Each structure stands twice: as C-alpha cells, then as structure tokens.
Amino acid sequence: MRAVDAIMECLKAEGVDVVFGYPGGANLPTYDAFVDAGVKHVLVRHEAGGGHAAEGYAKASGRVGVMFATSGPGATNIVTPLTDAMMDSVPLVAFTGQVRTELLGTDGFQEADTFGITMPVVKHSFMIKSPAEIPRVVHEAFHIARTGRPGPVLIDIPQDLSREEIDYQPVTDVHLPGYQPTLEGNSKQVRLAAKALANSNRPVLYAGGGIVHGNASEELRALALEGRFPVTSTLMGLGVFPAPHRQWLGMLGMHGTRAANYAMDEADLIVAIGARFDDRVTGKLTEFAPRAKFIHIDIDPAEISKNVPAHIPIVGDAKKVLARLLDEYRALAPDPVRLANWWERIDRWRSQYPLRYEDSVDSEIKPQFLVRALYEATGNGNCILSSDVGQHQMWAAQYFDFAEPRRWINSGGLGTMGFGLPAALGAAVAQPELPSVLLTGDGSFQMNIQELATCAEYEIPVKAVIMDNGYLGMVRQWQELFWQRRYSHVDMGQWPDWVKLAEAYGATGVLLTDKATLVEDLRSALATPGPVVVDVKVTREENTYPMIAPGAAAREMVG
Amino acid sequence: MSDLSSKETLTLEELEASASLPTGRKHILSILVENKPGVLTRITGLFARRGFNIDTLAVGPTDDPSLSRITLTLDGATQPIDQVTKQLHKLVNVIKIRDLEPDETVARELALFKITAEGSVRAEVVEVVEIFRGRVVDVARRTLVVEITGSWDKIEAFERMVRPFGMVEMARTGEIAIARGRSET
C-alpha cells in the first residue's frame, strides 16, 4: 500500500477516533488516503485552529490529539499550537506535508524548514527520509507524545515519499533506547518525604497540571484527606482538588487567593506535585516561601531544582508516587492535631481575605458577577469550561469552582490568545456528553473566530460567552497600574456586531446587558441547540485582583 | 540524617537542598547520540537558548555505526551546567551523557599551527616543536605548519611559546576524551 494508507492504518491501530486538519499541495496524498480510510477528519478553518482543537481534544480526553497541515504556511501556522502544547505538556502528534525531496532546500513553492523551525518547540520531531520508516515513526511519535511528560511530536513528510508504495507490516513494539521515562519514584525518597510530612506542622500541597496529565487526582485527594493537608493548585491544576472544599485554599500565584499565597509564604514544608515553580507562581524568587523545605515530585527530572532547589526530589509518575506516599504516611500514623494551629491561621486568612469585588448597584454586569452567573447557569459548573487569555481567564480561575480535572481548558504557559474557541471545539468533540462552554474576551475571540464556521458545519455545539469590555483588558490593567494609565492601543472599540457575526457563521447570537436576568438568559442561551455566541457587555474598566505585582513577593499582594 | 527504615521522623532542619550551582570548573561532557539528522542542532540549540557558551565541540563515529560521540567542553564556573545536562538527557536521540571527572579521564586535542619561521629562527621553532613532541608537517620558504596533540593545557602552552615567533594562523579540533581504566565512557 501507499505510505499514506499506512499512516491511516497506524492511526487506527493507535485508536485515533478523530483528527483535525487542513489540506494543501504537499499533503495531497494524505488527503487522498482520507477518502477511503474511515478516519474521522474535522476540516478546521485555519491550521492554528486545528492545532488548538487537537490540544482541546487532548486536554479534555487525556488522549493524543492529532492534526494535519500542509508544508510552508500550513506548517508555520501550527508553530503557536505546538509551542502552546510544549509549554502545557499536551500530547499532540502533528503531521506536516513537505515539498518533494528534490526541491528540499531550494526555496521551492510553499517550502519552509519545518523541522528546523519547530525544533525548539516540540518534544521530538521526525523528518522522513525513507517511506518504509513511516509506520514505525508514527507509532514512536504517539509513544513519545503520550508517555513521560507529554508533549507535541511532529512528523514532516515530503510529498513524493508519502505516495510511494511500501510493504506495510503492523508495528507492535516501540524501541527507543534514548527515551526511558522514570515512572517509579525512588522508594527511599518517598519514605523520606512521608517522614518530612509527618514531622511538618505547616505543610501545603502545591498541585500542578502534572496531576491532570498523570490522572492522579484521586491519589492527591486521598493523601490530602488522610493528612488533613491544605491544598492549593496552579492555573493548570484547577479541578484536581474539588472546589469548594474545607481543605481547598484556591489557586496560588499572581492572581491567586491570599490564603494560598500566605500559606505558601509561612509553610514549613511544601509538596510540589507536577508543578514547575513558574514565575507567575513564585513572584520574587528570593522571597518565595522563605521558611519552607521542598519536596518536588515530577516525572521530568529537568524540572526538579530548576527554579527552587528541592530538599527531597522525587522523579516519577504522580499517580504511583502519591499512592506510595500515602501508604508510607499512613504507616507513620502521625497525629493530625499538630496541624490545628496551622488550620486556625489559614482559616483566619480565608475569613479575612476572601475573594471579593464591588458589585454594581445598577444593572451593569461586573465581570466577576458574569463568571458566578455562568457557574450557576451551568448547574454549578457541569460543563467543560475553556477560556482564552487575559482578565476573563483569571476571573474564571478565581470564581468558577472546578470540582473535577479535565473540566478547565486554557492556555497557561504560553498564554495564547485565540486558543479558546478551537480548544472548546476540540473538547466538545472529545466529550460530547458534557456541555462545552467557552468563556472568552472580545480580544481573544477574534484571534481564531473563523472556527465558528467549523462548529456550524459539523454541528459542534460550543457555547461561547464573550466577556465584552471593549478592551484588551489585562494589558489595559497593566497600563493603568504600572504605566501611569497611559493607555496605548488597548481600546478595541465597538466592532464587530457579535450577534450578526454569529448569525453569518451559522451560529445563534445573543446580546446580554441586564444583570437582573443574567443567569436565566445564560441558561436559555446554553440550552439553545448548536453553536451559540453570547455577547455579555460588562464593566469596561475593572481590574483583576488580588494581584502580586510582577517581581514582587507573595506578602506584597494588593487589591 | 536519620535512619530511613526507622519509624522516627526526621526534623525538617536535617534536609539539605540539592541545589544546582555553578561547579566552578571546566567540564567535559561525553554524549553518546543516535546517528540521525538534526541531533547536533538539537543539542547546540539547548545551549544557545540559555545563552551558554560551548568552549569546544567534537563529533565523530563510534564502534557502533548507528551511534556518534559528541565531546563538548564547557566552563562550569560561569554557567550552571546541571540544568542543561538534564535537558540534554531529555532529548530522545541522546543515549548517554557522562560528565567526565578530569582526574579519571584522558583528554586529547589535535591542533595545527602555521608559524613564521625564516632563516635562523627556523631552528629555534623546530626545537620548541620537538620539546612539545609536535611534528612539522609542511615547510614553505617563510612558514612551517606544525601538528601537535595533547591536553588543552599543553596546546595552550605551545601557543604561548610560538606566538612570539609570529603565528600566521591556528586550527584546533577541540578535545575528545575517554574514561581511564575499565569503566566505559
């Protein structure tokens, strides 16, 4: 069979149920193979949309997201999704077409050095040199994408090689001598960690996105409940511990809760699990958690002691390590009463500094109010909520309570505007039984707006709620706070007319401006079949608080 | 630190952090990689991204045709190499990395020097070459080309000796290295 037909066989063998893509000259053979393959393909409207859709699919399902693009501009258009997936450890396999081998390096039509351009932003990549290697490479790509610390893998296939006949033999094993992720944590280290926990009086569990990827939420919850440990999480970890909950402190970091940040500041022991001490979490590194010792559990050894030196490093799979840590901790039978003072202190912070905002006295909708209304309208968060990037993302993280993992899909590390709509599309395809809701901003939404057509065409019922303040809100906030309110190119004006635009794309458009009926209006919009765009006009100049100014310490939170 | 098998809990004060600080010395990394396209770019890219300088780099085949060995020297005094070594380990095509201990390592470099050596000076130059066990491999009317092998320090010393005679140019391979004794590099 042709190499491209073998690719289809490999996809089926990997259990791929849907792929996202966009055809072009260099991947014509692949698209010819799609005709008879019986592999479900979603034709997106832009390759970036395809990449983010594959990410949304992967984040919602835990399976590998797959996307196809042609050479040159098709490939350069997926650089952003690949980088995004790299930063947030999303398992992706991207197939790019490449010009014929005789044209390689000649500036041929639609030629780009895809392999070179994407090298720093992928977990691994393959440049096909011989068609016979294609089946093995495809399986290796899936294996690398999904195991260890997940990430994007790219396969670049010259057009002429992709159409050659090969002798296809199913590949049943993958042998990569240089790639052996460590899964089992060192048992001595785990025992040491249990003892440190048992001896700690002011512990905090600091959970990250690695717990989502490692499907370790149950183990985290069991450990937290056993030891009555306070739990905070990063933006990417929201949902791994149920909110609200007595032991839940809220998100930590720049826009986290005071309780979470103060607890980190005063902790004597911090257990980081699948988290990477990002600058948005630590603030000023030299003043970060100055009293704490650190246990750092991560599947990626390069994360350990990268930003904050670990006292007890444990390289391994979060699920396995946490389960063993719980056993060891239980065996020590420590007295939970030792944490009474700690909880008292935390409770005081919680009652003294809850998340709060000043609500409007008229019908104006405050953005925070919108998030709470959306939470209510979705039956207390019974949905997958995707977001874009900016103020609305932070308010969602603060005010929407996530009770389960894989229910909150956003771009954390790279902070990619335009991520939301395609990601919500991908999530809807991955989990059709759950409503897929997007909370976006009027800035972000326009960056991949074309995917509304994809939603309409395939009847993918994404409900997009625009927190519409007519500003690039987060940039405006920073200009207000740190640049003497010298607003520079952040006013987005009043266009487009979202309702008309939605209708033009074959979606339902709704405009909401009244606070009094907001929950009801949202509920009926969410109940409308097919894709829906809900334009909610909110307070124009509202700031996201509390906040740790960039480079400041947790103690110096404002707002 | 307390005995791990006992039930005694340790005090948090007993824990020491495994920090990644500059080591303050030169490092020779011997990296065994799959002989595949793009591997060298992946490796050098990791250094470039962090603004690290590679002092020398030598690539060559091994006894296994599917593998190549990259020998790379770095200044650990100015750059924390621990983080970059961990990143190197993550590359799928990297099979093995060894940070060679200077005392347990044989490291050699080949250098070619083109030296001005006219008339009576020529004998003096040749004398220095002999002391350093180098070889004259090309003779022209005004210049000599000298081949010399040895450790980094030896080549540096030779350069200092011959520079006053007038050095036209120099080419060096960068060090390659192998572990002493039975242990595999």
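Two residues are in contact if their C-beta atoms, placed from the backbone, lie within 7 Å. The model shown in these views is predicted.

**View 1. Surroundings of A:Val534.** Leaving out residues up to four places away in sequence, A:Val534 touches A:Lys463, A:Ala464, A:Val465 and A:Ile466, among others. Its contacts also include A:Val510, A:Leu512, A:Leu522 and A:Ala525.

**View 2. The largest nonpolar core.** This core holds 199 residues. Helix H18 of chain A, residues 420-430, gives the core its largest share, eight residues.

**View 3. A second core.** Twelve residues form a second, separate core. Among them are B:Ala111, B:Ile115, B:Val125 and B:Leu144.

**View 4. The two domains of chain B.** The domain assignment of chain B places domain 1 at 21-100 and domain 2 at 106-179. Taken over C-alpha atoms, the centres of the two domains are 28 Å apart.

**View 5. Where the domains of chain B meet.** Eight residues of domain 1 of chain B contact seven residues of domain 2 of chain B. On the domain 1 side, strands E1 (26-34), E2 (56-61) and E3 (67-75) of chain B each supply at least two residues. E2(B) provides the largest share of that side, three residues. By class, the domain 1 side has four nonpolar and four polar residues. Charged residues are absent from the domain 1 side.

Technical notes
Residues are numbered from 1 along each chain as its sequence is written. Chains are lettered from A and ligands numbered from 1 in the order in which they are written. This is a predicted model: local features need pLDDT of at least 70, side-chain atom pairs count only at pLDDT 80 or more; totals for chains, interfaces and linings use all residues. A nonpolar core is a set of buried Ala, Val, Leu, Ile, Met, Phe, Trp, Tyr and Cys residues joined through C-beta atoms within 7 Å. A residue is buried if 20 or more other C-beta atoms lie within 10 Å of its own, exposed if 12 or fewer, and partly exposed in between; C-beta atoms are placed from the backbone. Helices (H or I, at least four residues) and strands (E, at least two) are DSSP runs, numbered from the N terminus. Domain bounds come from an automatic or database domain assignment. Ala, Val, Leu, Ile, Met, Phe, Trp, Tyr, Cys and Pro count as nonpolar, Asp, Glu, Lys and Arg as charged, and the others, Gly among them, as polar.
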